[in-house]
Amino acid sequence: MPYITCILMPFCAGAFLIPYILMAIFGGVPLFYMELALGQFHRTGAISIWKHICPIFKGIGYAICIIALYVSFYYNTIIAWALFYFYSSFSSILPWTNCDNVWNTPNCTNYFGKNNVTWTNSSKSPAEEFYTRNVLEIHKSSGLKNIGGVRWQLMLCLFLIFTIVYFSLWKGVKTSGKVVWVTATLPYIVLFILLIRGATLPGAWRGVVFYLTPKWEKLLETSVWVDAAAQIFFSLGPGFGVLLALSSYNPFTNNCYRDAIVTSLVNCLTSFVSGFVIFTVLGYMADMRKVKVEDVAKDKGPSLLFITYPEAIANMPGSTFFAILFFVMMITLGLDSTFGGLEAIITAVLDEYPDYLSHRRELSVLGLVVVCFLGSLSTLTNGGAYVVKLLEEFGVGCSIIAVGFLEAIAVSWFYGIKRFSSDVQAMLGKSPGLFWKVCWVAISPAFLAYIIVSSLLKAPQLTLFDYEYPDWSITVGYIIGFSSFMWIPIYIVYKLVWTPGSLKQRLVVCLRPERTIPDIHADSLNMAAVP
């Protein structure tokens, strides 16, 4: 979810690959398989599915939708940044190549193709100043207390992004499925081209050696395992409602087991190949700067996507062509994720309130897109990057992992692993193996609990560029995170209060599935609804 998978791995090299693979096998893939099976069997979205599983946990569905909204508030802004770069790339000389632009400062230092250049702590590369002073104009903001005005250029880019999103989703999976054929396949073509180009750069081998050389001492650091677990979780996407929504449109007998294995393998292999695309360029950067690869690889997140990599591209032969390719890849990858995230909300809400919304999908999608656009306005300001980082850290982070943990517990412990296995057998003709059952009951919940506890024990200290987030902003961040998760206990209390009977009778009713016959989407592959 929410960037390009391997590009943002903080330790996407060496020993990090070992915990990444282990966490994928015992945590990410089993949860991925579980959600595909749940959505396909019960054929409904993230809210109404809980009446089939464990009604008291229906708040999980509402929490998922709110988290998906928070993601849309900042994630599409990042795509808008990429669109701004894409437009700026149509130039014979890329605007982040030199220091001769109106936004540059005396600290701008261009060391490519020049000898005896002195690099100091105050030096800024042309690419960094293009990003901070032209794209973001973050110098006009003093921090979260004064984020400044909305950047109309970015607002226009975001408007174009949401226009594409609306006309891709308004008719349902029939239209979004056709668009995804482009947004899902084009990045692989671009990735292959960039891989070939990166491999031919001088110094590329240094980046590959750094990428593949294990640092065994890192395996003793808890943070590496936490980062690996979080990365595989966000990469495969269980808990976001996307898998439930999209698999609910599958034919009932579709082989979701095969889909889970193949999709997970493709995802992880794509991450691995992406590492070569990135680290060949980082090796080239290190060779040009005459520094170690680790000094270049310390950048991550937006700094890597919008400063380091574009800077390397700007100094390649054919820079304009490769810049356009790179940002096309970023935009299509971003749109692909946005389609899934918003479809999760749309499917969940329309399935929960079919009498009011099922025949008004176009208006419902329009309303959602407008809400997402308005919610994104604060991220389009001069200090919008500060808001993006705050939402990224707290709006999703620990909240979605906690949601995934409760989902796994509700399905494997309350709904029951025997009942769930019977559902899978009804679809596939065979029951899941012992490995999957053990993962669903014990290993995967433990995997998520480990991430949650480790994350809570490690208090976040947020910084962006030279700005340190004040203590009050961390408090606001925790409030944002709790604002989605709180609907789970609220709904539990609501369900217990409004269910008649003694406390024991209420618990029995609230923990027992209300319905056993799966719902059928009204627009699901021309299949008739079950009476």
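Let's start with Glu137 and Lys140: their side chains are joined by a polar contact of 3.1 Å. A polar contact is a pair of N or O atoms within 3.5 Å; within protein, one must be able to donate a hydrogen and the other to accept it, and residues adjacent in sequence count only if both atoms are side-chain atoms.

A word on the source. This is a predicted model, where local features need pLDDT of at least 70, side-chain atom pairs count only at pLDDT 80 or more, and totals for chains, interfaces and linings use all residues. Residues are numbered from 1 along each chain as its sequence is written, and side-chain values use heavy atoms, with hydrogens and water left out.

Back to Glu137. It lies in the loop between helix 4 (126-135) and helix 5 (152-169). Helices are DSSP runs of H or I, at least four residues, numbered from the N terminus. Is Glu137 buried or exposed? It counts as buried, because its relative accessibility is 16%. Buried means under 20% relative accessible area, exposed over 50%, partly exposed in between (1.4 Å probe, protein chains only).

Glu137, Lys140 and Arg151 are linked in a network of salt bridges. A salt bridge puts a side-chain nitrogen of Lys or Arg within 4 Å of a carboxyl oxygen of Asp or Glu. The whole structure has eight.

Another one joins Glu343 and Arg361, at 2.9 Å, N to O. Glu343 sits in helix 13, Arg361 in helix 15 (residues 361-375), 18 residues apart. Glu343 is buried at 2%. Arg361 is buried too, at 8%.

Last, helix 13 itself. 28 of its 34 residues are buried, so the rest of the structure largely encloses it.

Technical notes. Helices (H or I, at least four residues) and strands (E, at least two) are DSSP runs, numbered from the N terminus.
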